[in-house]
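Hi there,

Here is the structure I promised to pass on to you.

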Amino acid sequence: MTIDTSAALRARVAELFPALQADLEALVRIPSVSAAAFDQAYVAASAAATEQLLRDVGLPDVQILSAPRPDGTPGAPAVVARRPAPEGAPTVLLYAHHDVQPPGDPATWDTDPFEPTQVGERLFGRGAADDKAGIVAHLGALRALGLPDGADLPVGVTVFLEGEEESGSPSFRAFLEEHRDLLAADVIVVADSTNWKVGVPALTTSLRGLVDGEVELRVLEHAVHSGMFGGAVLDAVTLMSRLVATFHDEAGDVAIEGLVTAPEPEVDYDEAALRADSSLLDGVSLAGTGTVSGRLWTKPALSVIGMDVTSVAEASNTIAPSCTAKISLRLAPGQDPAAADEALAAHVAKHAPFGAHVTWHPGEAGKPFFAPGDSAAMRAARAAFTEAWGTAPVDVGVGGSIPFIADLLEVFPSAAILVTGVEDPDSRAHGANESVHLGELQKVVLAEALLLTKIAAGL
Ligand SMILES: [Zn+2]
C-alpha cells in the first residue's frame, strides 16, 4: 500500500468515526448479559441489532444462527455475515462477541453501566470495550473499505459475532463444527484482547490455559468435641491449610512438579503499575520470581478460589471432619491441560497431611494459546499496526484464558489466528467503570482496514 492510500484510508476512518461511535453507543444501551440469571431477550436484541448493522454495511449474506450446548439446550444467538472470496482469493474471519458481563453493583459505577457516557477521550459503559468495540472495529474497517462495492478488495470476509463468550462459549465448538463451511477462513482476526497502552498497539501472542477442581479432605467420620479430642486429632481446616501451603514454594512460585513454564515475554509489566492496578496493599510483597510479565503470562499460577468451612458465626467447639477447597490453576502456554490436571491430582495425593483422606475432583479445563512466532499474517498485522499508530506493536501475553481460541485452531488448523485488541490497561473489562479510549478505537479501525488491504495484496 502506498503512503497516499494509507492517508486516504486514515481520512476516511476519521470521517466515519462519529457514526461508528453512535453505533457503539446504541449497542451499549442493550444490556446483553449472557449469564443465565439475566433476561436473554437482550442477547437476542443485540444479535438483531448487530445483524442489521452488518446488513447495512452491505454484506450479502447475513444470518442469526445457534448450535446446541453440551446439555442439549440451544446456545445464544450468533451473527454470521459473509462476502464470499473471489476465486483463489483468501478469506478473513472477523470475530467479536455481542454479549457482555453482568454489570455488578451499580453503586460501584460512576455512570449508568448501560447508558454510554463520554468523559474526555473515553466512552464508559458495560461492553463499551469488551467487546462491542470489537464489533465496531470490524464494522468500521468494512465501511472504510467501501464494502460491498469495494470490488478492488479481492478478499472474502466473514464476520462472526458470538453471543455467549462471557458465559464460557458453551456451544462454540458445536457451532464451529456445524457451520464449518460457513466459517472456514485463511486468517482469523479475534478482536477481543488488549493493546499495550494508549499509543502503543499489541498483538496477543500467548494466553494462559486453565484447569480447576476441588480438593476434598476428610479426617473424621463426624465432628467431635475439640476439648475431648483436640491435641490428638487435627481439624480438617488446619490439615487443608497445610496442604494448600504446599502449592507454592517460599518465593511464591507454584511448586507442583511437572508443570510447563514458557519463555519470558519480550516486554515487562512495571511493578508499580501492577501494584496500583491490582490494589495491592502497602508492604505486601509480590509473589514469584522472574519478570513480572512472565509471572502473569508464561508461568503457571494457582489460586484457592473457594473453601467450604464452618463460618465464624456458626462456629462451635468442634473439630471439623472435612473441608473442601476449590483450586484454580492457570496454565503456561504449551501446557497440556490433562497433564496439568494429573500433576495437580498427584500433588494433592502425595502431600495429604497426616494421612488425611484426600480426593481430587477435576472441574473445567481450557487450553492455552501460543501464536507461531512469525507467520505471514503476523507480519501483515505488524505492518498495519505500525502504519496506524506510527509505532510498532509489541507482543503481549494475557494471563487470562480465551479457551475458544484452541477450538478455532483445532477446527481450522491451517488458519492463521491474529488476536488483536480494543482495550488498554485502563479499560477495566468485566469491572465497574468499563471504558474504551475513542482515539485508540479509531486507530484499531484503521489498523484493521489496513490489515485487510495487506491480506488482499497477498500474504
Ligand atoms: Zn471479551
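V211 stands opposite L329 in β13. The two strands behind this are β9 (residues 209-218) and β13 (residues 322-331), which pair in the antiparallel sense over 10 bridges; strands are DSSP runs of E with at least two residues and helices are runs of H or I with at least four, both numbered from the N terminus, and two strands count as paired if DSSP finds at least two bridges between them. β13 also pairs with β11 (residues 301-308), again in the antiparallel sense, over 7 bridges. There, G306 stands opposite K326 in β13.

A word on the source before going on: this is a predicted model, where local features need pLDDT of at least 70 and side-chain atom pairs count only at pLDDT 80 or more, while totals for chains, interfaces and linings use all residues. Residues are numbered from 1 along each chain as its sequence is written, and side-chain values use heavy atoms, with hydrogens and water left out.

Back to β11, which contains A301. A301 is partly exposed, at a relative accessible area of 22% (buried is under 20%, exposed is over 50% and partly exposed is in between, with a 1.4 Å probe and protein chains only). Leaving aside neighbours within four places in sequence, A301 is in contact with R208, V254, S328, L329 and R330, contact being heavy atoms within 4.5 Å. For V254, which is 47 residues away along the chain, the C-alpha separation from A301 is 6.3 Å.

Now the domains. The protein chain is divided into domain 1 (6-207 + 368-458) and domain 2 (209-262 + 299-366), with bounds that come from an automatic or database domain assignment. Taken over C-alpha atoms, their centres are 38 Å apart. Domain 1 brings 9 residues to the contact and domain 2 brings 11 residues. Between them the two domains bury about 590 Å², 66% of it on carbon and sulfur atoms; buried area here is the accessible area (1.4 Å probe) that two parts lose on being put together, summed over both. On the domain 1 side, P368, F370 and S401 supply 70% of the area buried against domain 2, more than any other three residues.

There is also an open sheet of 3 strands, ordered β15-β8-β16, with mixed pairing. β15 (369-370) and β16 (394-398) stand at the edges with a single partner strand each, so one side of each has no neighbour in the sheet. Strand β8 (residues 202-207) runs parallel to β16, joined by 5 bridges, and T204 stands opposite V396 in β16.

Helix α12 (residues 404-411) has 6 of its 8 residues buried, so it is largely enclosed by the rest of the structure. The buried residues are F404, I405, A406, D407, L408 and V411.

H97 in strand β3 (residues 91-97) and D192 in strand β7 (residues 187-194) link distant parts of the chain, 95 residues apart. Both H97 and D192 are buried.

Best wishes
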